[in-house]
Amino acid sequence: MMSMATGKVLGFLDGALVWDITRNLALNGLGAYLVTRLSSVRRAITDSHYRAKDQLVLALVFGAFSAAGNFIGIPVHGALANTRIVGPIAGGLIGGPLVGIGAGFLGGAVRYSMGGYTALAALVSNVLAGLISGLVYRRLGARRITVPVALGTAVLAELNLKACILLMSKPFAQAWQLERTIAIPTILANAAAVGIFLLVVRDVYREQEKMKAQATQQALLAQAELQMLKAQVNPHFLYNTLTTVGALTRTDPEAARTVIKDLSVFLRRSLDRGEEMTTLADELQTVELYLSLQKARFGTRVQGDIQVPPELLGLILPVFILQPLVENAIKHGIGPRREGGTVTLRAGREAQGAWIEVRDDGLGIEERDLERLNLRGGTPSETGLGLGLQHVHRRLRLIFGPASGLVLSSAGPDRGTVARLSLPAQAMP
C-alpha cells in the first residue's frame with residue numbers, strides 16, 4: 001500500500017513540479033544557447049587565450065543565471081525548489097573554479113537575501129557546487145568534460161546541497177520533510193538541466209569548429225591556387241625577357257648587358273619578397289623596369305606613359321598584377337605594328353573603389369573576339385581570357401572577391417585596346 005510520503009511525492013510530481021521541471025529545462029536550453037554567443041565562453045572551451053578577464057565575465061554571467069534561478073522555483077515546505085545550482089555547476093565546468101565559486105556566491109547571495117530557514121545552507125551549498133564543478137574542470141580540462149561527466153558532477157553537487165540543508169537548516173524536521181519531498185525530483189531535474197546546458201554549448205561549438213575548419217581549408221586551397229597562379233605568371237614574363245636578351249646578345253652586346261642588369265634588378269625586387277600584396281607605387285616601379293626591358297628590344301617603337309594621381313599610389317594590389325597587362329599590350333597590340341605605339345597606364349576613383357587601365361593604341365580587338373575574351377557573368381574558370389590575363393582576373397577574384405576583376409574593351413581594329421581592373425573599397429589607401 002502506498003505510503004503517505006510517497007503519495008505526496010507523486011502528487012507533487014503530477015502537478016507543479018512537472019511543469020516547473022519542463023519549464024526550467026527549456027529555459028536552461030535557451031540560456032545555454034545564449035551564452036555560446038560570448039567570446040569568453042569560446043575561449044574557455046577551446047583553451048584559446050583564456051584570461052582572467054574572461055573568468056570575471058563568466059562568473060558574472062553564470063552568477064546572473066544562478067540568481068535568476070531563485071525566481072523561477074516553486075515554494076515547498078517554507079523553502080524553494082529551483083534551478084539556482086545549475087549556474088555555478090555549468091560555470092565551473094565551462095570556466096573553472098573561480099568562475100564556479102563566483103557564480104555560486106552571486107546566486108547564493110541572492111537566495112540568502114530572500115530569507116528562510118534554508119537560506120544559509122543554500123548560500124554555502126551554491127558556492128560548494130561551483131567549487132566541485134571547477135575542480136572537475138581543473139582535473140579534466142574543458143575539452144574532456146562530456147555530458148556524462150556533467151551529469152555526474154551535477155548529481156554530486158545536488159547531494160552536497162541536500163547534505164548542507166539537512167545539517168545547517170533548523171528545524172531539522174522541516175528540512176527532512178522538504179528533502180523527502182523534493183530530493184529525487186530536483187536531483188534529476190537539475191542534473192538534466194546541466195546536461196542539456198553542456199550538450200547545447202558543445203553542439204554549437206562543435207558546429208562552429210567544423211565550419212571554421214572548412215573555412216580554413218578553403219582559405220588554404222585558395223592560397224595554394226594563388227601561389228600556383230603567381231608561379232605561372234612569373235615564368236611567363238621571364239621567358240619573354242630572356243628571349244629579348246638572347247636576341248640582343250647577337251645584335252647589340254652592350255644593350256644586352258644593360259637588359260641583364262635591369263633584369264637582375266627586376267628579379268631581385270620580385271624574388272626576394274615573400275609577400276603577396278604591394279602598393280600601386282611599388283607596382284609602377286616594376287612596370288617601368290619592364291618597359292625599359294621592352295624598349296631595349298623594340299627601341300622607339302614602344303613608348304610608355306604613366307598617369308596616376310599621387311593620392312592613389314597607396315592602392316593595395318597583388319604583386320605582378322599590372323606587368324602581364326603591359327606585356328599583353330606590347331605583345332598583341334603594339335609589337336605587331338611596324339610603327340609601334342604607346343602603352344598608357346591610368347588610375348582613378350569610382351563609386352565602389354578604384355580602377356586602373358592599361359591602354360594601348362595598337363591593333364585593337366574585333367567585337368566578336370571581345371565577346372569570347374571577356375567574362376560574361378561566369379566564374380573565373382569559365383572565362384575565355386588569354387592565359388596571362390585570365391591569371392590576373394582570377395587572382396583579383398581570389399583576393400578581393402566578385403567586386404573585382406578584369407574587363408577588356410576596344411573601339412575596333414586599329415583602334416587600340418583597354419584592359420581595365422576594378423578594385424573594391426578595401427584596396428583603397
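**Notes on the predicted model**

1. Let's start with helix α4, where D54, L58, A59, F62, G63, S66, A67 and G69 are buried.

2. L56, L60, F105 and L106 make up a nonpolar patch on the surface, and their accessible area together is about 390 Å². Both α4 (52-69) and α6 (97-113) contribute at least two residues each to this patch. F105 belongs to helix α6, and with a relative accessibility of 49% it counts as partly exposed.

3. Next, the sheet. Five strands form an open sheet in the order β4-β6-β7-β9-β8, and the pairing is mixed. At the edges are β4 (302-307) and β8 (405-410); each has a single partner strand, so one side of each has no neighbour in the sheet. On average, neighbouring strands here are turned by 15° against each other, direction ignored.

4. The pairing of β8 is worth a look on your screen. β8 and β9 (residues 417-424) run antiparallel and are joined by six bridges. For one of these contacts, look at S409, whose bridge partner in β9 is V418.

5. On to the charged side chains: the structure has eight salt bridges. One of them joins K162 and E158, at 3.3 Å from N to O. These two residues are four apart in helix α8 (residues 147-168), which means that about one helical turn separates them. Both K162 and E158 are buried.

6. A second pair is E339 with R337, whose closest N and O atoms are 2.6 Å apart. Are the two partners buried or exposed? E339 is exposed, at 53% relative accessible area, whereas R337 is buried, at 16%.

7. The last pair takes us back to the sheet. R420 and E357 meet through their side chains in a salt bridge of 2.7 Å, N to O. This pair links distant parts of the chain, with R420 in strand β9 and E357 in strand β7 (residues 353-360), 63 residues apart. R420 is partly exposed, with 27% relative accessible area, while E357 is buried, with 7%. Both residues belong to a network of salt bridges that links R346, E350, E357, R359 and R420.

Technical notes: Residues are numbered from 1 along each chain as its sequence is written. This is a predicted model: local features need pLDDT of at least 70, side-chain atom pairs count only at pLDDT 80 or more; totals for chains, interfaces and linings use all residues. Side-chain values use heavy atoms; hydrogens and water are left out. Patches are made of residues with over 30% relative accessible area and no salt bridge: like charges are joined within 9 Å, nonpolar side chains (Val, Leu, Ile, Met, Phe, Trp, Tyr) within 5 Å. Accessible areas come from the Shrake-Rupley method with a 1.4 Å probe; for residues, only the protein chains shown count as cover. A salt bridge is a side-chain nitrogen of Lys or Arg within 4 Å of a carboxyl oxygen of Asp or Glu. Buried means under 20% relative accessible area, exposed over 50%, partly exposed in between (1.4 Å probe, protein chains only). Two strands pair if DSSP finds at least two bridges between them. Axes are lines fitted to C-alpha atoms, for helices over the stretch in contact, and angles run from 0 to 180 degrees between N-to-C directions.
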